[in-house]
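Take a moment with the sequence and the model. The walk below goes from helix pairs to pockets and back to a single side chain.

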Amino acid sequence: MLLFTLQALYGLGNGFVLPSLLNITLRSLPPQFAGAAAGIYSTVQQTSSALGICLIGGVFYYFIGLTKNVQLAYHYGLIIHIGCLIILSILLLCLPKTVQGPKTATVAE
């Protein structure tokens with residue numbers, strides 16, 4: 001029951017965070033690029049999700065094959081998952097704090 005509760009809370013947290021990330025990453029773009037940027041963002045998000053599933057699932061099934069212990073394999077997969085979350089948190093902290101507007105060229109006379 002504890003595992004179900006933790007996974008439900010994790011999913012709920014993802015639901016709250018993902019729309020905010022979209023706003024943060026796309027807020028400084030000019031409106032004419034919004035459609036292309038949203039498409040690129042969605043593609044990267046889906047690709048990253050698939051790669052994460054492959055990585056964590058691969059580690060999980062590797063340790064099941066190696067040790068025949070599902071609980072140990074789950075723990076190793078969880079460690080990889082937590083490591084990915086820590087890396088993501090560090091990358092999010094590196095985002096700029098302020099939005100920089102587009103640079104305009106000035107003509108010198």
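Helices here are DSSP runs of H or I with at least four residues, numbered from the N terminus. With that naming, H2 gives the most to the lining of the largest pocket, supplying 10 residues. Keep in mind that this is a predicted model.

Stay with that pocket. Its volume is about 1,100 Å³. The lining counts 26 residues. Nearest the centre of the largest pocket lie Leu-18, Leu-21, Ser-48, Ser-49 and Leu-88. Helix H1 spans residues 2-26, and H1, H2 and H3 each bring at least two residues to this lining. Sorted by class, the lining holds 17 nonpolar and nine polar residues, with no charged ones.

How are the helices set against each other? Two packed helices are described by the angle between their axes and by the distance between those axes. Start with H2 and H3. H2 covers residues 34-67 and H3 covers residues 70-93. Their axes come within 8 Å and cross at roughly 155 degrees. Angles over 145 degrees count as roughly antiparallel, so H2 is roughly antiparallel to H3. The crossing of H2 and H3 is right-handed. On the H2 side, the contact uses Leu-55, Ile-56, Val-59, Phe-60, Phe-63, Ile-64 and Thr-67. On the H3 side, it uses Val-70, Leu-72, Ala-73, Tyr-74, Tyr-76, Gly-77, Ile-80, His-81 and Cys-84. By class, this contact has 13 nonpolar residues, three polar ones and no charged ones.

Now turn to H1 and H3. The axes of H1 and H3 come within 15 Å and cross at roughly 25 degrees. Angles under 35 degrees count as roughly parallel, so H1 is roughly parallel to H3. H1 passes H3 in a left-handed crossing. From H1, the contact draws on Leu-3, Gln-7, Tyr-10 and Leu-21. From H3 come Tyr-74, His-81, Leu-85 and Leu-92. Six of these contact residues are nonpolar, two are polar and none is charged.

The remaining pairing is H1 with H2. The axes of H1 and H2 come within 11 Å and cross at roughly 135 degrees. H1 and H2 are therefore oblique to each other. H1 passes H2 in a right-handed crossing. The class count here is seven nonpolar, two polar and no charged residues.

Tyr-41 and Thr-25 are 16 residues apart in sequence. In space they are 8.6 Å apart, C-alpha to C-alpha.

H1, H2 and H3 each supply at least two residues of its lining. Which helix gives the most to the lining of the second largest pocket? H3 does, with six residues. The lining includes Leu-3, Leu-6, Gln-7 and Tyr-10. It also includes Ile-56 and Phe-60. Tyr-74, Gly-77, Leu-78, His-81, Ile-82 and Leu-85 belong to it as well. By class, this lining divides into nine nonpolar, three polar and no charged residues.

Tyr-74 and His-81 are part of the contact of H2 with H3. Tyr-74 and His-81 also belong to the contact of H1 with H3, and they line the second largest pocket.

Notes
Residues numbered from 1 in each chain as written. Predicted model: local features only at pLDDT ≥ 70, side-chain atom pairs only at ≥ 80, totals over all residues. Heavy atoms only, no water. Axes fitted to C-alpha atoms, helices over the stretch in contact; angles between N-to-C directions. Parallel < 35°, antiparallel > 145°, perpendicular 65-115°, else oblique. Left-handed = near helix turned anticlockwise from the far one by under 90°. Contact = heavy atoms within 4.5 Å. Nonpolar A, V, L, I, M, F, W, Y, C, P; charged D, E, K, R; others polar. 1 Å grid on protein atoms, 1.4 Å probe; cavity = no way out; pocket = protein on both sides within 12 Å on 5 of 7 lines; lining within 4 Å. Points joined across faces, edges and corners; volume = space filled by probe spheres on them.
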